[in-house]
Each structure stands twice: as C-alpha cells, then as structure tokens.
Amino acid sequence: MTTVRDATFDVLRRYGLTTIFGNPGSTEVTLLTGLPDDLRFVLALHEGSVVGMATGWAIGHEAPALAVLHTTAGLGNAVGAIATARVNRVPLVILVGQQDRRHLALEPFLTGHLSGLAGDYPVRVDQPVRAQDVPGAVARAFHEATTFRGPALVVVPMDDWEAPFSGETVAAPARMVRPAGVSDDDLAPLVELLSGARSPAIVAGAGAGWDALVALAERLGCPVFQESFGGRAGFPQDHPQYAGVLPADRSRLREALAGHDVVLAVGAPVFRQYPYAPGPLVAPGTSVAVITDDPAEAHRSPADLAYLASPSAVCARLAALLPPSSPAAALEAPSLEVPAGRRPLRAAHVLRELALRLPADTVLVEETPSSRPDLHRLVPARTPLGFLSAAMGGLGFAVPAAVGLRMALPDRPVVAVVGDGSALYGVHALWSATHYRVGALFVVLSNGRYAIMDRLADKQGGKAPWPPFTEVDMGGLARSLGCPARRVDSYDELTAALDEVLPSLAAREEPLLLDVTVTVDPDFQP
C-alpha cells in the first residue's frame, strides 16, 4: 500500500528536497523514522539553527530547502529565523508537526495552535483538510516558496503519514514556468527618464542581477550605491563605479544622493531606513524609479516610476537601448594604520587583514552590527555571495547560515564574521558544523558587550541597564560543542592565524572559530 508518507517522499524527490534540516520531536517520528537512503537528515540543536541552516542551503543552491519543525515549541523557536528568511527572500518548505488528527478536537498534549504562530512571515500556511491532501500541499508549498521567495509552511498531523494514498491526485503542477520578458514599449518611459538625466545614480539591492546591472551601470557611467541593510551585495564592490552603502537616515541619505537628478533602485525598495528623521527621502527635483520583482516592495516604494518585472531582464534591455555615457570617477581605497604595539585590535584591523587574504570567491556572512560599516568599507564583495546578512535585523542568522551555505557549496570558502553577542544566538550550530564536517571559518569579534545598544543608549541620554558579558568564553563554548577554536589577542596572532587558515579554506573539512579580542570602536555611529 502506498502511504501519504511514500507519496510525499516522491514529491520531495521530484523537487530536489532530499536534504531535511530538523530537530526532531515526537510529532515527527512517524515521518522521520526509517528514512529511505536517498533522503538525508541533518540535525541542528535548536530550531533557529534548523531554519538558519536551511536558509543558507537555499541561498547556496538558489532553490528551496526543506526544514521540519516540532509543533508549537519548534515553530515558536524558529519564528525569528523564518522572519529572516522572508525578509531575505529565501524560499523554504517547512513541515510542521501536529498532534494526531483523530483526537485534535480534544486538544491533547502537544496540540499546536499553529496557523498564526509565525504571523505574516510565511508566504503560505497550509493545514490540509485530509491526510491525502498532504503531498499536494507540499508540492504547492514548493511553488509558493519559489514564486513569492519566502518560507511556505505545511502543518501535518502525525497520523497522516501512515494514511493510504493509492489512487489519489497530487493537487499541484509537476512543473511551473515563470517567464520574465519585458517589451521595449513597456520600457519607453524609463528609457526617456534615464536618457534625459544629467547625473543619474543607481541603488543596487539584494534582488539585482550582477551581470545585467554592471552592463547598465557602465552604459550610464554612473555611481552605484548599495542599499542599506541589504541581505546581499547587489553589485561588485570592487568595481570602479561602486560608491558605497547608502546611509540609513534621511538627512544623510539626501546628502549622499544630492546632485543626482534621477535615482534608479534595482532589486531594492525606495529606501530602507533605520532611525526616523523628518523630511523627504531625496531632495526636490530628484526623480526616483524602481525595478523589482517583489510586489510588496514595488507597492510601498515612494517612486515616480515603478516596474514590477525581472531586474535582470529589464537592466539587460536598458543597457542595449540607452546611449553610452562617460564613466564615473573611481573612489579611493580606504587606509588604516596598524595599532602601536600591535594591540589593542579594533574590528577594522581584523577586517582589513581578512580582506587582504580572502579568496575572490569567498562566501562571507556578516552579523556584527557595530562593525558592519567597517566591513562594508574594508571588505568589498567580489561575487554575488561575497556579502550576505540578515536583512530582517534579528540576531542568530550568520553562524547557522554559514553552515548551510558551506554544505550547499562545498568547493567554496565560507567565512562568517560575527560579533560575540550575535554568535551567542546561533552558537549551537557549531555542533552541526563539526558533526557534518563543514569546514567554514567563524571569525568572532569579541568585545564582551552589545556595543550597538550601548551607543544607542548613549544617544538616548540615559544609562543602559544591561551589563557587559566579559565572562563569556566563545572559544570555550565552541570547544564544548566539538568545534576547534583559537584565541587571538594581538595583531601578530591575527595575521599568523589568517595566513595559516585562509589559503586552504576551500578544501577544509573541519570548522574553526577564531575568538578575536577587539576594543569597542569609539567612532561607531548606529
């Protein structure tokens, strides 16, 4: 007899969802026990890491990944990571266990009120009416996750997996095609706007396609800014036309874009901000256009002209339609002095030495809020995965995401640059990295405090009630999870460690954590 479980496994095989990230609970035992040999289970020690690792895997493969969560407790623990996947526009299929359907009405132990637990962050939440609808719901979740670029949840009662499926229909297309063409007539208003611009500028977002955007930028000869708080680099940051990351407050944003009469946002909203400040986003007389394939992004952007279409397709055609212009002047490379006596280390020193040694194809995952401006300034992304971050802003993304990315891209070097406060939110993923021989490098910038929160409290004019956590030993925590770790306290120790590890990082099969002592940057501004 073919069961719902058998039919669902066939759906998983059809869509390439054969790696299952999970932290098992009793409501998933009937699904997971005795998995076929072609399905791989990857254990994480916390549900935030389950979804974080799946998110990294999906980014690396550019396709949906599969996660399994345990009823209310598992889904609740993973909500922050689900929100991050949604804002980063990463497709995930997430199966959530539920109590036995036959006595759900009595609300037995482990019954989950699951439909709204993750809020609006899933692109879809499905609770199939019949057990026989589960395989179709999983297939539809794959399509929904792909189309809407986010996590799609399917809630499955534990007894559904053993129900008969013979003769049933999987209610979802076996294959879906998503054409992304644009016509020259549709582009005419944007061609007219850009052709008449005296001084255009581009803002690149995580949704921009590199090759097409480079061609368009070079055609226009204009500077290209990176959106603030983007989940990944939208433009090569070693390109001579790269102009840096946009400020995240309105006054500095207007200053950065001053003198540009047309600003084109590609694969980014118009424009992400952090602290509120009054006034318009751009100066009077500046026209703003946006190209995005995210309907919500297009609908909320205060732009003069918006295109809901494939950014790559639009940029490629614009590059062919527009007349060539003179290139913009290149920016000067940043400089940084070595500290007297080779210590104390600042985060900028670590990042500069890292940048000097990183292979060009390195996947770099960032989660160091108080050092992010230095990272943007000193470590240019040279590939589309040369900078990745949690666009949602919550902590706990970088460590598990780096594990998932390295599993998905075993031939590429993967480095996570993480603050010690951030690392504590995802440190348990180091066990998975060790167990599955995931050779990523974790560079922890340890200052023993939430530096960004301290600075925000200073700006607020009051005393912060939270203490530092200088007692925390990140290396000790890593070693307790089986992950090798080294302490780095000086410039010479730093350069020696990086010189030893980075040349062979792509072939490394063992993770390593560098616990680097850094002083708080006195010049940092949130």
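**A helix under cover**

Mentor: Ala347, Ala348, His349, Val350, Leu351, Arg352, Glu353 and Leu354 are the buried residues of α11; buried means under 20% relative accessible area, exposed over 50%, and partly exposed in between (1.4 Å probe, protein chains only). Helices (H or I, at least four residues) and strands (E, at least two) are DSSP runs, numbered from the N terminus. This is a predicted model, where local features need pLDDT of at least 70 and side-chain atom pairs pLDDT 80 or more, while totals for chains, interfaces and linings use all residues. Residues are numbered from 1 along each chain as its sequence is written, and side-chain values use heavy atoms, leaving out hydrogens and water.

Trainee: How many residues of α11 are buried, and what covers them?

Mentor: Eight of the eleven residues in α11 (347-357) are buried, so the rest of the structure largely encloses this helix. The cover includes α12 (372-378), β15 (414-419), β16 (441-446), α18 (491-501) and β18 (512-517).

Trainee: How do I read a sheet?

Mentor: Strands of a sheet pair through backbone hydrogen bonds, either parallel or antiparallel. DSSP must find at least two bridges between two strands for them to pair. Here, an open sheet of six strands runs β2-β1-β3-β4-β6-β5, with parallel pairing.

Trainee: Which strands stand at the edges?

Mentor: β2 (40-43) and β5 (124-126); each has a single partner strand, so one side of each lacks a neighbour in the sheet.

Trainee: What joins β1 to β3?

Mentor: Three bridges link β1 (residues 19-22) with β3 (residues 65-69), and the two strands run parallel. Phe21 has Ala67 as its bridge partner in β3.

Methods
Contact = heavy atoms within 4.5 Å.
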